[in-house]
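Have the coordinates open as you read.

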Amino acid sequence: MRQSKIATLLFSLFLLLTLTNCNWLQFRYDANHSGQNPFDGLTPGTAAALTKITVFDTHGQDVFDSSAAVGVFGDPWPWRFTTIAFVQGNSGTFYAINISGSGVGTLRWISYLHVWQGFASAPAVDGALSIVYVRDNIGLNAFDVHTGTLLWYGLVSQAFGSPTVANGIVYLASDDGHIYGFDPSTCANSGGVCQPTFKSVTLNDGLSHDFFSSPAVANGLVYIADFAGSVGFEVLAFNLGGGNPGSVNWRTLQNGPISSTQFNFLTAPAVVNGVVYIGFGCGSCSPAYGGLRAYNASTGAPCWNILTLPKLRQIDSPAAVVTENGVPFAYVGAFDGLYKIDARCAGGGGVVPGWPKGGPIARSSAAVANTGSNEVIFVGSEDGKVYAYDSSGTSITNFPQIVGDGIYPVIFSPAVASQTVYVGCQDGGDGKLYAFR
């Protein structure tokens with residue numbers, strides 16, 4: 001009996017490890033927005049054999065501007081593992097698409113979000129509960145991943161960013177200056193409309209607080225970047241637990257670096273190895289400028305501020321942050337290509353020689369498969385292509401590849417799961433979801 005239990009436990013552990021690389025469950029892969037799927041088995045060699053296929057076609061009726069969530073789920077009947085991709089359209093549509101088996105590319109279910117103004121975001125999946133979350137303009141929708149049944153709805157003020165799932169709680173930022181957290185165990189008994197169990201404090205400081213991005217969760221804190229009107233922008237970290245959940249743990253202000261203090265663009269935070277990374281830019285300033293800023297994740301103390309990237313403006317997606325040979329690096333897009341930056345808090349902030357690479361990049365974030373020398377970095381470009389590189393900056397054979405008709409920019413951030421790369425058509429494009437597999 002004991003041997004049987006041990007065998008069952010080992011099999012379950014093996015199955016869990018096997019299925020982990022099959023998932024990209026939320027925006028930037030995880031709750032801290034690292035942008036790296038370290039369990040995916042793609043290598044520079046195998047990535048060279050990837051070919052482009054059309055996974056789903058809306059026949060030009062919808063476009064995908066953010067990113068996909070992909071997961072493997074056990075269908076209740078007939079019992080089997082099924083891969084499903086979730087993607088939000090620009091017309092208030094939300095798609096669940098079968099990826100595995102003979103039904104690959106077929107529509108599993110579709111939902112029409114009831115309050116919509118055309119600002120797409122990425123969905124987030126709680127794999128343990130088989131719930132997929134997607135926001136509309138005033139709240140959070142919770143759907144059953146298998147059937148598309150609306151389980152409950154979380155009402156906020158107005159939302160623009162993607163939800164984040166961490167430790168069983170789903171977080172959503174609002175333009176009313178709050179981050180909300182919803183507990184699905186409470187919401188299941190709410191009768192349809194659920195109240196948040198977490199709410200960050202009101203910041204009564206005379207500044208206008210509008211949270212437009214996806215919050216990142218790490219170290220018992222939830223992080224967000226915020227426009228601070230004419231004085232620049234700030235980064236805030238709120239306590240999740242302790243004696244006063246939702247209170248400010250730290251906040252730090254970033255003034256404008258040139259003649260203007262205005263910012264047009266702020267990225268969602270990426271929090272990796274105790275450092276918070278925020279991209280920012282002012283594309284309408286003269287001259288246009290942008291940068292990447294790093295902060296100590298525990299204290300908010302600035303690490304460095306890189307402003308030497310000549311065309312880093314209109315950057316609206318977070319950096320992908322990885323560790324190679326014990327050193328952290330950040331991959332971030334700019335209008336003259338993909339940069340690789342030494343991401344250490346102490347002594348970092350420099351561009352790695354030989355970078356940037358590829359075409360102009362603004363709104364697509366890099367997605368990294370695997371780790372170390374086996375890493376493959378994928379990113380969409382303003383020239384309508386998807387680029388792929390190894391960690392040394394060598395272009396992967398067969399890349400770049402055109403997405404759609406190659407006319408419109410690729411602003412969709414790639415998702416990597418099961419050695420497959422998912423990329424949506426660009427804004428104004430052909431209404432298709434593509435995969436390189």
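This is a predicted model: local features need pLDDT of at least 70, side-chain atom pairs count only at pLDDT 80 or more; totals for chains, interfaces and linings use all residues.

Residues are numbered from 1 along each chain as its sequence is written, and side-chain values use heavy atoms, with hydrogens and water left out.

Cys425 is buried too, with a relative accessible area of 0%. Which cysteines are joined by disulfides? Taking a disulfide as a pair of cysteine sulfur atoms within 2.5 Å, the count comes to two. One joins Cys187 to Cys194, S to S 2.0 Å, and both of these residues are buried. The torsion about their S-S bond is about -70°, so this disulfide is left-handed.

The other joins Cys303 to Cys345, with S to S 1.9 Å. This link is left-handed, with -85° about the S-S bond. Cys303 lies in strand S24 (residues 302–306) and Cys345 in the loop between strand S27 (337–342) and strand S28 (367–369), so the pair ties together parts that are 42 residues apart in sequence. Strands here are DSSP runs (E, at least two residues), numbered from the N terminus. Cys303 is buried at 18% relative accessible area, whereas Cys345 is partly exposed at 27%.

Now to the rings. A search of the whole structure finds 22 aromatic pairs: rings of Phe, Tyr and Trp (its six-membered ring) pair if their centres lie within 6.5 Å, and planes under 30 degrees apart count as stacked, over 60 as edge-to-face and the rest as tilted. Among them is the tilted pair of Phe86 and Trp109, 6.2 Å centre to centre with 50° between the planes. Phe86 belongs to strand S4 (residues 80–88) and Trp109 to strand S6 (residues 107–112), so this contact ties together parts 23 residues apart in sequence. Both Phe86 and Trp109 are buried, and together with Phe73, Phe94 and Phe143 they form one aromatic cluster.

Strand S6 also holds Leu107, which is partly exposed at 39% relative accessible area.

Notes
Helices (H or I, at least four residues) and strands (E, at least two) are DSSP runs, numbered from the N terminus. Buried means under 20% relative accessible area, exposed over 50%, partly exposed in between (1.4 Å probe, protein chains only).
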